[in-house]
Amino acid sequence: MNDSLKQILEQLKNGNISVEEAYETLRTYDCIGYATLDIHREKRKGFPEIIFGEGKTKEHILGIFERLMKFHKKVLATRINKEKADYLMRNLQNRYPLEYFHYHNNARTFYWIAKEYVEIKKQGYIAVVSAGTSDFAVAEEAAVTAEFLGCEVKRIYDVGVAGIHRLLDKISVIEQAHVAVVVAGMEGALASVVGGLVSKPVIAVPTSVGYGANFQGLSALLTMLNSCASGVSVVNIDNGFGAGYYAATILSVIEQSIEKAMKREEGRNESSLS
C-alpha cells in the first residue's frame, strides 16, 4: 500500500495524473446518500465489501451493487430473496448485457464477476460439513461465500451424529482440508465431534433448525460455545456467510505464509550462489 501511494504521489508531482484522478484513486469510501461504501476494504483485508441484503430495499441493493461494480471486479450480496434477485437480474442485465450475474437460490446469494476477471484459486480447500438436510441453506451460504472469495470447497452434507458412521466414512476428506466449517442445528453436537477427530481448525455454525427447546438455534449455539474439543470457534446462529468468510481468511493467511517462505528460500539460494 505504501509503495502504491508513493507511485500515485510521484505521478501527481510529475503531472501524469490530475488532482481529481489522484483523489479517486486514494479515497477510501464512496458516499451515495443512503449508503457509505468502504471501497478501500479489499486493499486492507484482501476481500471487497459484501452487501447484506436483508432489511434493505431492492432499489437500495441495486444502487449499492452497481456502485461497487465501479471499484471491484466482483461483487457479492447475501440474504437476497427471489423477488430481490429477479429485480437485480432484470436491471443489471439490461445495463451490462455481456457481464456475468448469478443467483444461488438455496444460499440466497447474488453475485457478479467481471468478464475480464481471472480467478486464481487459493491453495488447499475448505470442507463444509452439515449435520442434516435442513441445514442445507446455511451450509450453502458458507460454501458459496468461500467459493466467491477464491477458495475450493468440498461439501459433506447430511452426516449428523444420529448416524455417526456417515461422518466417519468422510473423515479423511475433512482432515485433508485446511479448515472445516461445520453447520448443525438441533443440539449442535457435530462441531464437537469433528473438532475431536481432526487436526484442522473448525468453524462451528449453529442453525435455527430444531424443535421448541432448540430456541431457534440458541441450544446449538450454547453447545458449540461449550465444546470440550479444542480448536473450535463459533459464529452466530445461521451465519453461514461469516463462517465462509472466516475460512477464506484462514486460507489467505496460509497462502501468504507459503509465499513468504518461498521468497525467503529464493533469497537464501541466491545468496549461496553469489
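A residue counts as buried when its relative accessible area is under 20%. The model examined here is predicted. In this model, F101 has a relative accessibility of 6%, so F101 is buried. F110 reaches a relative accessible area of 0%, and therefore F110 is buried as well.

Aromatic pairs were examined next. The structure contains seven of them. One of these pairs joins F65 and F110. Their ring centres lie 5.4 Å apart. Their planes meet at 70 degrees, so the pair is classed as edge-to-face. The partners come from distant parts of the chain, 45 residues apart. F65 belongs to helix α4, which covers residues 58-71. F110 belongs to strand β6, which covers residues 109-113.

Elsewhere, ring pairs connect F47, F241 and Y245. These residues form a cluster.

Charged side chains were also found over aromatic rings. The charged end of K74 sits over the ring of F148. The distance to the ring centre is 4.9 Å. K154 lies over the face of Y125. Here the distance to the ring centre is 4.3 Å.

Definitions and conventions
Residues are numbered from 1 along each chain as its sequence is written. This is a predicted model: local features need pLDDT of at least 70, side-chain atom pairs count only at pLDDT 80 or more; totals for chains, interfaces and linings use all residues. Side-chain values use heavy atoms; hydrogens and water are left out. Rings of Phe, Tyr and Trp (its six-membered ring) pair if their centres lie within 6.5 Å; planes under 30 degrees apart count as stacked, over 60 as edge-to-face and the rest as tilted. Helices (H or I, at least four residues) and strands (E, at least two) are DSSP runs, numbered from the N terminus. Buried means under 20% relative accessible area, exposed over 50%, partly exposed in between (1.4 Å probe, protein chains only). A charge sits over a ring if NZ of Lys or CZ of Arg is within 6 Å of the ring centre and within 35 degrees of the ring normal.
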